[in-house]
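This report covers strand pairing and salt bridges. The structure comes first, and the details follow.

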Amino acid sequence: VSSWAQRARLRLNEKLAADASSPNSAGDAASIAETPANGPDSNASPELPQGTSVRLCGLEAAAHLNGHQGEVVGFHEESQRCRVRLASTEEVKLIKREKLEILSA
């Protein structure tokens, strides 16, 4: 059984491959990759745009951070986690996408 993130990446790769064969592929692929996560498919991609305001929720190993707010400053490919700078400490943490509630993009 694959995770939702693996299925989402597979769907995105299939869409990008299909778009690559169309005449306007460069613009279409860029717009798909930069679409902010919101709406019913907000968990479709683990990556969020830099500058997105988020709240940490559902953390178990670091439950003391639940409710803290921060800003997405990047994405860590190897761990498939968002890099989030906490507003309270300015510390950067690696957080799974599903543990982030989007406050604003």
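## Strand pairing

In strand β3, Cys82 is the bridge partner of Phe75. The model is predicted, so local features need pLDDT of at least 70 and side-chain atom pairs count only at pLDDT 80 or more, while totals for chains, interfaces and linings use all residues. Residues are numbered from 1 along each chain as its sequence is written, and side-chain values use heavy atoms, with hydrogens and water left out.

Strand β2 (residues 69–76) and strand β3 (residues 81–86) are antiparallel and pair over six bridges. Strands here are DSSP runs (E, at least two residues), numbered from the N terminus, and two of them pair if DSSP finds at least two bridges between them. Four residues separate the strands in the hairpin of β2 and β3, where Gln80 has a positive phi near 55 degrees.

On β2 there is also a pairing with β1: three bridges join the two strands, which run antiparallel. Within β2, Gln69 stands opposite Arg55.

The term means a side-chain nitrogen of Lys or Arg within 4 Å of a carboxyl oxygen of Asp or Glu. Glu101 belongs to strand β5 (residues 100–104) and Arg55 to strand β1 (residues 53–56), so their contact ties together parts that are 46 residues apart in sequence.

Both side chains have intermediate exposure, on a scale where buried means under 20% relative accessible area, exposed over 50%, and partly exposed in between (1.4 Å probe, protein chains only). Glu101 is partly exposed at 34% relative accessibility, and Arg55 is partly exposed at 25%.

## The other salt bridges

How many salt bridges does a search of the whole structure find? The search finds three. Side chains of opposite charge can pair when their charged atoms come close.

Glu90 is exposed, with a relative accessible area of 52%, whereas Arg85 is partly exposed at 34%.

Lys93 and Glu91 form another salt bridge, and their closest N and O atoms are 3.2 Å apart. Lys93 is partly exposed, with a relative accessible area of 25%, and Glu91 is partly exposed at 40%.
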